Amino acid sequence: MDNPIDKKLAQQIVATVKDVCGQNVNFIDHTGIIYASTDEKRIGSFHEIGKQAAEKGEMLEADTDSQFAGTQKGVNLPIFHNGSLVAVIGISGPPDQVRKYAYLAERITVLLIRERELNTFSRTQAEKMHYVIHSLINRENLSQAYLLDTLEHFKISRNGRYRLLQIHIHSGRSPMNTAEAEQKIQRLFTRTDITLYTFNFPSEYLAVADSRRFPVISPILEEFAVSQKGLLKIAVGKSCPIFQLSESGHTGTAAMKSIASSDIRHYAVFDDLTLELVLASVDEGCRAEYLRKTLDALDAEDISLLSAYFEEDMSLGHTSSRLFLHKNTLQYKLDRIYKKCGLNPRRFRDATVLYLALKLS
């Protein structure tokens, strides 16, 4: 008998039922062996009436302790699931008093079996999605027959074009906020008909979006990213055939790098990147050295002023209005930045160097 209730779970069930009825409870397999019991001395012993109940498929009762070998008075109820015997549950005590508890134990056991089946199904689905996505983006472990079958299961056409979405949850948020974000992401996938996705511990979702529907779902993705108020960022790779999803992954990573440190941008699509493509390719060593030469001498106030200045296209008038500064005061502050770092924000070449530094920081 393939028993879906293992010894550990059976032991938990008998303990729970005993808490309710106050009597000893046994789980008995189809051979009559007790494999879980609130009376530890009986585990592994033979239970004759339990074996008979399993063979007959019906509840049997014993009115005395000596009526059957290894049996105390009580009721013994076989439990079935999907037409197969799971176990016999025996409860010691006067049959008229404990019979109702046998039916309670049966209900608990069947519910737990169903819950385990649902969890197994969900886990299998999650494992399938994880396997497929990582096989596609890493170009490895590709069992062609299994892959094609799984793609079909998740409604992914082998001849279609798709984009890989990367959703990064901000790791600095509280666990409660992170859990809430994950629930919202799941609803987002349902809303956009995304059927193939996986979670990468500790803070990343990967999802496969149909390129044909992307013009429709892109505004939804952007609105969602903005609405989360810095809790997460979404980046989208370029459109590729499904078996070249790795390329969409690489380009999506470039898109994510372009917004990773931004406080105001939460959504990026690779197709829209220009300067960001160059900046994303800069390795960490070069980035650190560039920033050391350009921004190290400046403080947070200087950086904030430069950001506003460049966002206003280097207009003194617009920047002054935005920062509520007199134009002469703004010029004084820009000159001070020049003295501190050796780069003049009012000269095009130096301004370009500083602008790139802000983008890299």
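How do the residues of the lining of the second largest pocket divide into nonpolar, polar and charged? In this predicted model, the lining of that pocket comprises four nonpolar, six polar and two charged residues. The volume of the second largest pocket is about 230 Å³. Its lining is formed by His168, Ile169, His170, Gly230, Leu232, Lys233, Met256, Ala260, Ser261, Ser262, Asp263 and His266. Strand S6 (161-169) and strand S9 (232-236) are the elements that contribute two or more residues to this lining.

The largest pocket holds about 740 Å³ of space. It is lined by 26 residues, of which Ser261, Ser262, Leu358, Lys359 and Ser361 are the closest to its centre. At least two residues of the lining of the largest pocket come from each of helix H7 (245-259), helix H8 (275-280), helix H9 (284-294), helix H10 and helix H13 (348-360). By class, this lining is made up of 11 nonpolar, six polar and nine charged residues.

Rolling a probe the size of a water molecule over the atoms shows where empty space is left. One cavity of 30 Å³ or more was found, and the space in the largest cavity amounts to about 40 Å³. The residues lining the largest cavity are Asn26, Arg42, His47, Thr71, Gln72, Lys73, Gly74, Val75, Asn76, Gly90, Ile91 and Ser92. Two or more of the lining residues are supplied by strand S4 (74-81) and by strand S5 (84-92). Eight residues of this lining are polar, two are nonpolar and two are charged.

Attention then turned to the nonpolar interior. In soluble globular proteins, nonpolar side chains tend to be buried together. The largest nonpolar core contains 40 residues, and the members that touch the most other members are Leu196 and Val208. The element that gives the most to this core is helix H6 (residues 214-227), which provides six residues. A second, separate core has 24 residues, among them Ile13, Phe27, Ala36 and Ala102. When residues up to four places away in sequence are set aside, Val208 is in contact with Ile133, Ile156, Tyr162, Arg163, Leu164, Ile194, Leu196, Ile242 and Leu245.

Asn200 belongs to strand S7 (residues 196-200) and is buried because its relative accessible area is 14%. Leaving out residues up to four places away in sequence, Asn200 touches His130, His134 and Leu206. Gln125, in helix H3 (residues 95-138), is likewise buried, since its relative accessible area is 15%. With the sequence neighbours up to four places away again excluded, the contacts of Gln125 are with His153 and Phe154.

Helix H11 (residues 316-323) has three buried residues named here, Leu316, Thr319 and Ser320. These residues lie on the same side of H11 because they cover an arc of only 100° around the axis. An α-helix has 3.6 residues a turn, so residues three or four places apart point the same way. The buried residues of H11 pack against helix H10 (300-311) and helix H12. On the face of H11 turned away from its buried side are the exposed residues His318 and Ser321. Within helix H12 (residues 327-341) lies Asn328, which counts as exposed because its relative accessibility is 52%. Asn328 and Leu316 are 12 residues apart along the chain, and their C-alpha atoms are separated by 9.3 Å.

Backbone geometry was considered last. Most residues other than glycine have a negative phi, and most peptide bonds are trans. Phe324, which follows H11, has a positive phi near 55° although this residue is not glycine. Phe324 is located in the loop between H11 and H12 and counts as exposed because its relative accessibility is 76%. Lys155, also not a glycine, has a positive phi of about 60°. Lys155 is placed in the loop between helix H4 (144-153) and strand S6, and it counts as exposed because its relative accessibility is 71%.

Conventions:
Residues numbered from 1 in each chain as written. Predicted model: local features only at pLDDT ≥ 70, side-chain atom pairs only at ≥ 80, totals over all residues. Heavy atoms only, no water. Core = buried A, V, L, I, M, F, W, Y, C linked by side-chain atoms within 4.5 Å. Buried < 20%, exposed > 50% of the residue type's maximum accessible area, 1.4 Å probe, protein only. Helix = DSSP H or I, 4+ residues; strand = E, 2+ residues; numbered from the N terminus. Contact = heavy atoms within 4.5 Å. 1 Å grid on protein atoms, 1.4 Å probe; cavity = no way out; pocket = protein on both sides within 12 Å on 5 of 7 lines; lining within 4 Å. Points joined across faces, edges and corners; volume = space filled by probe spheres on them. Nonpolar A, V, L, I, M, F, W, Y, C, P; charged D, E, K, R; others polar. Arc of directions from axis to C-beta.
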